[in-house]
Amino acid sequence: SAGWLADETPRLDSSVKGSAFEPTSPRATETVVGPERTVDGFAKAFLDELNFEAGVALKRSTTTDQYLALARTIRGYLMADWLRTAERRRQNPTKMVGYLSAEYLLGRQMGNSLLATDLGDIAEQAMTSLGLDFNLLRAQEIEPGLGNGGLGRLAACFIDSLASMDVPSIGYGIRYEYGIFRQTFEEGRQVEVPDAWLSLGAPWEFPHPDRAVQVNFGGTTEQYIDGDGRTRRRWLPAWNVQGIPYHYMVPGYQNGVVNTLRLWSARATQEFDLKIFNSGDYAEAVRAQTFAENISKVLYPEDSTPQGRELRLQQQYFFVACSLKDFIDRTLEEDFDLTRLDERIIFQLNDTHPVIAIPEMMRLLMDEHDMEWAAAWEVTSKCFAYTCHTLLPEALEVWPVELMTRLLPRHMEIIYRINEEFLDTVREAFPGDELRVRRMSVIQEHPERAVRMANLATVAGVKVNGVAALHSELLRDKLLPDFAALWPNKFTNVTNGVTPRRFIRLANQQLSTLITDTIGPGWETDLERLRELEPYADDAAFTESFRQVKQANKDRLRSILSQRDGIELPEHAMLDVMVKRLHEYKRQTLKLLHIVSMYDDITSGRVRREDVVPRTFVFGAKAAPGYFMAKEIIFLINSVAKTIAQDPRVTDLMAVAFPANYNVTLANKLIPAADLSEQISLAGKEASGTGNMKFALNGALTIGTDDGANVEIRELVGDENFFLFGMLEPEVAALADRGYTPSSFYESNPALKRAIDLLASGHFTGGDRSLAAPVVDDLLYKDRFMALADFQSYLDAQARVDAAYRDVDGWTRSAVLNVARSGFFSSDRSMRDYLDRIWMPKS
Ligand code: B1N
């Protein structure tokens with residue numbers, strides 16, 4: 001041979017089908033071995049990263065350099081397991097779960113990776129041996145905040161559980177360049193700062209620009225005659241973008257499994273943009289391409305109330321089109337018979353955000369894989385299942401037909417045809433009932449013609465599930481009763497869960513140690529075993545340790561809030577925590593009314609100081625940037641907090657802290673310290689809640705309404721270990737039917753009147769009544785979520801909380817029982833339920 005100076009083989013163009021994507025050494029068998037699991041091995045791997053990958057000498061390196069090298073070192077240990085897991089799955093292809101979610105609120109990766117690999121001690125010692133501060137390095141990580149709240153965090157918990165249970169699965173989503181905004185306060189008002197989480201480097205991700213996928217938009221459709229003389233339709237798109245996959249490792253808990261989360265980033269394509277924008281101005285044309293890159297630029301910061309923005313539909317179609325193509329073309333073996341696709345994949349739709357996947361699958365099967373409508377529908381209607389996460393009417397996504405036609409004309413045609421055939425079925429089942437037909441149609445006519453995404457998902461999905469028992473019932477009986485009448489067996493429940501790895505093991509190491517010392521190891525993957533703690537609720541030594549753990553967590557929180565926010569909290573007080581998105585239905589205002597009422601009781605001498613149980617109230621909440629009332633509520637909470645902090649009559653008895661930018665990282669510090677968990681939404685409005693579960697598992701008692709998963713928490717922990725208050729959902733519905741007038745509650749309840757009058761007086765807003773008016777007036781004249789109706793019941797429950805807290809032993813006993821009886825809320829159990837009821841049912 002000519003040796004290495006001979007000409008290189010020409011590079012294949014990646015646009016040629018079956019070229020650059022194809023592995024070129026399929027027969028290679030390597031045993032992938034990770035770095036040595038010793039302190040020296042770790043330190044050496046770290047220095048290799050720093051010196052040879054980053055090109056930096058240790059003594060010249062910054063904290064950021066060190067953090068990045070540490071992250072890359074840790075991921076190096078996960079690599080072998082990742083490759084092995086992927087190979088094992090390829091060798092033995094089985095049905096997979098494809099989790100489709102527009103949000104993944106992952107939280108920091110480093111701690112979780114160390115826990116999964118059990119490398120924490122080695123890593124810490126290695127850093128110490130190099131003279132580095134391990135905890136300082138860990139603190140450098142900016143969490144990937146690619147989600148808004150519960151829905152996005154749920155997706156993150158689910159993929160953690162799937163990996164820990166070794167379920168063949170893949171998560172698909174969007175790699176937003178900017179995640180949920182960073183919240184700051186200026187004079188008590190929320191100011192949003194862009195979350196440039198990638199700016200310091202992204203050590204946890206693996207970009208694969210070589211595996212780009214093309215996604216089309218716009219244009220028209222046409223009829224044509226194919227080679228076999230068949231009349232068919234096709235899409236003539238107007239523009240396109242590329243989706244670049246970025247892979248994230250999803251490690252199971254100390255089980256050698258590493259699954260993949262595949263997030264898509266949009267990049268401009270040459271061909272189309274140049275065609276559209278070309279006017280002889282090359283530079284302008286290139287610049288104009290950047291518009292394509294907007295698609296994955298930023299996460300929409302609305303939780304529960306999405307605004308119907310065109311770019312959001314583009315995001316949804318973008319990631320779904322990439323994901324389906326990725327699965328069919330890359331994950332499935334070549335020439336797999338697509339009429340049997342359901343034997344190999346079930347796509348779980350995380351709310352309606354990815355529901356455009358249904359017509360996209362039909363389009364792929366028909367237009368790109370030559371299938372007839374009937375065959376394509378037969379298999380498509382077995383490949384998707386839909387999870388609904390809300391009941392709020394304003395949260396149900398509808399896309400105007402005009403927009404859908406303009407952006408995705410072929411999909412609009414397909415949706416029409418799905419709807420036609422579906423409505424035939426309805427008419428057959430309910431002859432002459434045109435009102436029902438209109439209610440069930442995938443297309444709404446008023447106030448504008450629009451596609452109802454929840455209806456589409458219900459028509460096509462194998463199953464539809466709600467996220468807590470009560471929610472699933474209301475979903476079936478109130479939101480989609482017509483569908484339940486037609487297909488009663490389509491509806492099911494899977495109660496949400498949270499991962500005990502992140503939310504107990506990582507967040508609460510001291511409690512974890514106490515649990516392991518008491519019942520032995522293994523509970524982290526078998527959380528029902530927490531039941532074994534029950535007998536210890538009356539064990540003096542155990543309960544004493546339990547109290548000490550709680551106090552240590554409080555001390556840690558006080559020090560974190562002092563450093564992070566300059567907030568100084570009293571040492572001994574009940575820690576009463578309300579953390580969740582700011583939304584009227586969650587009723588942060590009801591909490592505020594309780595605080596004002598307590599303040600008023602003390603300052604007016606209505607209660608004796610010695611009868612007051614000192615409390616520290618902590619809020620954490622982001623408001624959607626365009627949600628006026630939510631932002632006014634934030635301002636009012638901050639105003640009350642400030643006034644209380646400056647009033648010497650109360651500072652020894654109450655404090656209100658509102659640290660800015662509540663996120664997963666802060667949650668992990670806050671939740672383990674809490675005594676009292678506030679879950680006070682109006683009954684019937686919170687689909688599930690998941691923070692409620694995290695608190696109970698960390699030994700906080702709940703004060704809550706009969707809503708969402710609170711219902712199940714109370715059932716499990718027992719009435720006597722839960723502070724229930726407020727109307728039940730049927731009472732709420734009845735009151736709404738009768739006509740709700742908040743002012744009548746104000747007029748007839750002196751405590752409520754005093755609290756509202758004091759808020760309205762300007763006492764907390766520097767004497768300016770107008771600053772409190774938006775919130776106060778809304779409560780008095782609208783109060784959509786009936787805070788005033790539940791006020792007295794809430795106050796009474798808070799009095800029961802005080803009494804219970806005074807009984808130290810009784811409280812600890814209840815707290816222990818909350819931990820012991822909440823094992824049900826592991827997301828491992830949720831995954832089991834999805835497997836049994838939806839993904840791989842036995843019958
Ligand atoms: O999903 C969580 C539940 O625990 C919460 O109760 C529920 O409120 C939450 C549009 C949503 N529902 N809907 C959303 C998020 C973003 C968005 O753009 C809607 N989030 C929930 C997990 O089941």
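Two strands count as paired if DSSP finds at least two bridges between them. Strands (E, at least two residues) and helices (H or I, at least four) are DSSP runs, numbered from the N terminus. This is a predicted model: local features need pLDDT of at least 70, side-chain atom pairs count only at pLDDT 80 or more, and totals for chains, interfaces and linings use all residues. Residues are numbered from 1 along each chain as its sequence is written.

**View 1. Strand β15 pairs with β17 in an open three-stranded sheet.**
β15 and β17 (residues 450–452) are antiparallel and share three bridges. P400 stands opposite A450 of β17. The strand order is β15-β17-β16, with antiparallel pairing. β15 (398–400) and β16 (443–444) are the edge strands, each with a single partner, so one side of each has no neighbour in the sheet. Helix α16 (residues 453–460) lies across β15 and β17, at about 45 degrees to β17. Axes are lines fitted to C-alpha atoms, for helices over the stretch in contact; angles run from 0 to 180 degrees between N-to-C directions.

**View 2. Strand β8 has a covered and an uncovered face.**
V213, V215 and F217 form the covered face of β8 (residues 213–217). Q214 and N216 form the uncovered one. β8 runs antiparallel to β11 (residues 239–251), joined by five bridges. F217 has W239 of β11 as its bridge partner.

**View 3. F318 sits in the largest nonpolar core.**
This core has 238 residues. A nonpolar core is a set of buried Ala, Val, Leu, Ile, Met, Phe, Trp, Tyr and Cys residues joined through C-beta atoms within 7 Å. Buried means 20 or more other C-beta atoms within 10 Å of the residue's own, with C-beta atoms placed from the backbone. F318, A357, L456, V640 and L670 have the most contacts inside the core. Beyond neighbours within four places in sequence, F318 contacts V215, V241, G243, W264, A266 and I295. Contact means C-beta atoms, placed from the backbone, within 7 Å.

**View 4. Helices α1 and α2 cross at roughly 120 degrees.**
The axes of α1 (residues 39–53) and α2 (residues 63–91) come within 9 Å. The two helices are therefore oblique to each other. Among the contacting residues are F42 and F46 of α1 and A69 and L70 of α2.

**View 5. Helices α11 and α12 pack at about 135 degrees.**
The axes of α11 (residues 357–368) and α12 (residues 373–380) are 9 Å apart. That angle makes α11 oblique to α12. Contacting residues include M361 and L365 of α11 and W373 and W377 of α12.

Technical notes. Two residues are in contact if their C-beta atoms, placed from the backbone, lie within 7 Å. A residue is buried if 20 or more other C-beta atoms lie within 10 Å of its own, exposed if 12 or fewer, and partly exposed in between; C-beta atoms are placed from the backbone. Angles under 35 degrees count as roughly parallel, over 145 as roughly antiparallel, 65 to 115 as roughly perpendicular and the rest as oblique.
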